[in-house]
Amino acid sequence: MSPSVPLQEMIRAIRSARTQCEERGVIQRECAAIRAQFRQADNGGRSHNLAKLLYVHMLGYPAHFGQMECVRMIASPRYSEKRVGYLGAMMLLDEKQDASLLITNSIKNDLSHSNQYVQSLALCTLACMGSAEMCRDLAPEIDRLLRASNSYIKKKAALCAVHIVRKVHELGELFAPAARSLLAEKNHGVLHGAVVLITELCERNPETLERFRKTVPDLVQIMKGLVISGYSPEHDVAGVSDPFLQVRILRLLRILGRNNEAASDAMNDLLAQVATNTDSTKTVGNAVLYETVLTVLDIKSESGLRVLAVNILGRFLLNNDRNIRYIAMTSLQRIVGTDHNAVQRHRGTIVDCLKDQDASVKRRALELSLALVSATNIRSMMKELLLFLSSCPLELRSQAASGIFNAAERYAPSQRWHIDTILHVLTTAGGDVRDETVPNLIQLITNTSELHCYTVHKLYRALLSDISQQSLVQVACWCIGEYGDLLLRGECQETEPVQVTEDDVLDALETVLQSHMSAPATRGFALTATMKLSTRITDNVDRIRSIVSIYGSCIDVELQQRAVEYNALFKKYDHMRAAVLERMPVIEKNSPGHTNGESTREAVKEVQPAKVKQAETLLPQQPANQVCDLLDLLGGSEEPLQSNPAVGSTVPVLPISTSSTAGGDLLDLLGGLEPTPLTPAPTVTVYEKSGVTLTLSREKQSDSGLTVTLTASNSTDSDISSFTLQAAVPKVNLKMRIRISYTSQGSAFQDTVQVDSFPEH
């Protein structure tokens, strides 16, 4: 291809290339020819070559070698070369390039040029790629052009001033007087630039915002002129007079009227006029109406005007354009808290949007529908939301389930309805609910004692039909374990009578234990439920013992530990099994997200200094030695309980001893007795060599054992690594042999020490 081919020929050759490699070859040959011509001192085709280079740049190929040619062409006196040079500067240069500083003087000279088109080129380039230094140097020239008599130059200068204000905020005060005077112009281009400039100034400076609030009447008059003016072919777009200027003015009015009563009152009539007179059948009219709605909702407008704005958004919901429906629901979501009743009128339309095919519209409709749920419409709205949950996309199920749970907790008309709703969600989307759903539902079921029989029957039937929903299976197993005796009686009046045998219940729990769909946590629920049934049934205790023993060698550590503990309960503490596996007490929720045993740190701080009176408690129907066995299982009690053979009589609880035992902790947890001050544990140093110290402290001693804590510390400046400590205690004598090994400064150390005596209280 000849180096002198025109731009059109080069474009045709590039487009006709069949492969990427062929295209690169064409561009490389042409770029080489352009470089060669740039080096020539007398080159008559400079603008022609730079235009071709700009096309190469548009295709994504490197064209940085043309930057200096742009600088030279900007300084040219010929308009044709200057135009291409400025275009190249806007495309090839930015404020980070050093070459951009070279055109500052050329731009300043061209801003004073007698030709308005040359001035326009300089203004466009400065507004496109002017750096902060260039803006500071040329800001006085822009302010001078804002006061020029030529409308063409003034609209360009206004937009250039916007760029300067964004780059250098403190220069905004320089343009404020000129921007105020531009509002008196009749040219729509100048007005548009002035409104954009004033908007930028008001958003960045509160003092300027207060000053421009005085221009609200002028802006209202300009807007009224646009609304009531007749047909103007120069500015008409689909029957709306200059919608671009209308949108900009409405946006500025929204900023000026925000948190200001006087400015809001001055524009209320105008906003009502725009809202009622603008055609909503065209996209252009909808754009103006949308900005009007945003302005009404953002300022201190009248209540009737806000209702009119909400009704406009309601009409948007009926539009066939999904984008319009989406922005309508986004706007309604913002005001549903303040104008709840007005939004409620469009509840049916919003619910219908749940059936939309667009995922974004569905998400917005779901959020808005959940926000519209109240005590008066909870039943009807929940029917729609549950219907949506059964067919909604997977990515929305978690959000829908959480929203339904929150709404049901706040507005449930009855406890039974609340439980039924949550069970319906777990049946439909049990795998998509949050982790706290299971404990929250268990707490709800525990607190509604009159519904225990109904709930356990319903959960049992749900468990038989589907065990894939893990959350539902966990709650069902828990309820069967707690209220299995109610299930076996079959006396529930709330549901159809179903005869359930002990074998049926155990078969269902074994199915959960053996299913590959059951998570480890679910198997733990099922195993615990099976164990609890051993005190609620009479004929199948041996079968339960067999089931529990099987999982004593389970590969899952948690499940194995439970099974081993339950086996020990069968073998060693069978006389205590009924007391250990009795029903859980009512769970009281202390604060959101916290139940018994999970109180917040602040609650603990409030309880600690309080003096709690000695309480009286009812002992269960069991001998006192069984209670002592229970405490011994948990850690041992220093003081024996005073037994009383009278069943059901009240016995004062003794204060806990000074030794901190697990049994005393249990009594303190359940009874809230007066705390006793803890004495510091005695310590003794058993090893001290080369900066390494071992300290032994006694924590707790009982008849069967002694608990000690061994603390190792390093007092040297160097680090110690690979520290290993081994301890051996003989069965006969109370002694301890300790072996330590570690590495310090590259050397390995090992030593052995024997402890013959332990610290005493």
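Visitor: Which residues of helix α6 (residues 104-111) are buried?

Guide: They are T104, S106, I107, D110 and L111. Around the axis they span an arc of only 165°, so they sit on the same side of α6. That arc is taken from the directions that run from the helix axis to the C-beta atoms. "Buried" means a relative accessible area under 20%, "exposed" means over 50%, and "partly exposed" lies in between (1.4 Å probe, protein chains only). In general, an α-helix has 3.6 residues a turn, so residues three or four places apart point the same way.

Visitor: Before we go on, what kind of model is this?

Guide: It is a predicted model, in which local features need pLDDT of at least 70 and side-chain atom pairs count only at pLDDT 80 or more, while totals for chains, interfaces and linings use all residues. Residues are numbered from 1 along each chain as its sequence is written, and side-chain values use heavy atoms, with hydrogens and water left out.

Visitor: What do the buried residues of α6 pack against?

Guide: Their neighbours are α4 (67-74), α5 (79-92), α7 (116-129) and α8 (132-146). Packing here rests on contact, that is, heavy atoms within 4.5 Å. Across the protein chain, 62% of the contacts between residues at least 6 apart in sequence join residues at least 24 apart.

Visitor: How many helices and strands does the protein chain have, and what makes a stretch count as one?

Guide: There are 35 helices and ten strands. Of the 761 residues in the protein chain, 44% count as buried.

Visitor: Why is D242 called buried?

Guide: Its relative accessibility is 10%, so D242 falls on the buried side of the cut-off. D242 sits in the loop between β2 (240-241) and α14 (243-257). There is also something to notice in the backbone: D242 is not a glycine, yet its phi is positive, about 45°. Most residues other than glycine have a negative phi.

Visitor: Is S722 buried or exposed?

Guide: S722 counts as exposed, at 56% relative accessibility. This residue lies in strand β8, and its phi is positive too, near 55°, although S722 is not a glycine.

Visitor: What makes L706 partly exposed?

Guide: The relative accessible area of L706 is 27%, so the label is partly exposed. L706 belongs to strand β7 (residues 706-714). L706 and F758 are 52 residues apart in sequence, and their C-alpha atoms are 9.7 Å apart in space.

Visitor: What is the strand order in the open sheet of three strands?

Guide: The order is β8-β9-β10, with antiparallel pairing. β8 (720-728) and β10 (747-755) stand at the edges with a single partner strand each, so one side of each has no neighbour in the sheet. Neighbouring strands are turned by 10° against each other on average, direction ignored. Those angles come from axes, which are lines fitted to C-alpha atoms (for helices over the stretch in contact), and run from 0 to 180 degrees between N-to-C directions.

Visitor: How do you know that β9 and β10 pair?

Guide: Two strands pair if DSSP finds at least two bridges between them, and nine bridges join β9 (residues 736-744) to the antiparallel β10; therefore β9 and β10 meet the rule for a pair. One of the bridges sets R739 against T752 in β10. β8 and β9 pair in the antiparallel sense over seven bridges, and there T724 stands opposite S741 in β9.

Visitor: Which residues of β9 form the covered face and which the uncovered one?

Guide: M736, I738, I740, Y742 and S744 make up the covered face, while R737, R739, S741 and T743 make up the uncovered one. In a regular strand the side chains alternate between the two faces of the sheet. The hairpin of β9 and β10 has two residues between the strands, and Q745 takes a positive phi near 55° there.

Visitor: How many cavities of 30 Å³ or more does the structure hold, and what makes a space a cavity?

Guide: There are two. On a 1 Å grid over the protein atoms alone, a cavity is a set of points where a 1.4 Å probe fits but cannot get out, and lining residues have an atom within 4 Å of a point. Grid points are joined across faces, edges and corners, and the volume is the space filled by probe spheres set on them. About 40 Å³ lies in the largest cavity, whose lining is L271, A275, T292, V293, V296, L305, L308, A309 and I312. α15 (261-277), α16 (283-298) and α17 (303-317) each give two or more residues to that lining, with the largest share, four residues, coming from α17.

Conventions
On a 1 Å grid over the protein atoms alone, a cavity is a set of points where a 1.4 Å probe fits but cannot get out, and a pocket is an open set with protein on both sides within 12 Å along at least five of seven lines; lining residues have an atom within 4 Å of a point.
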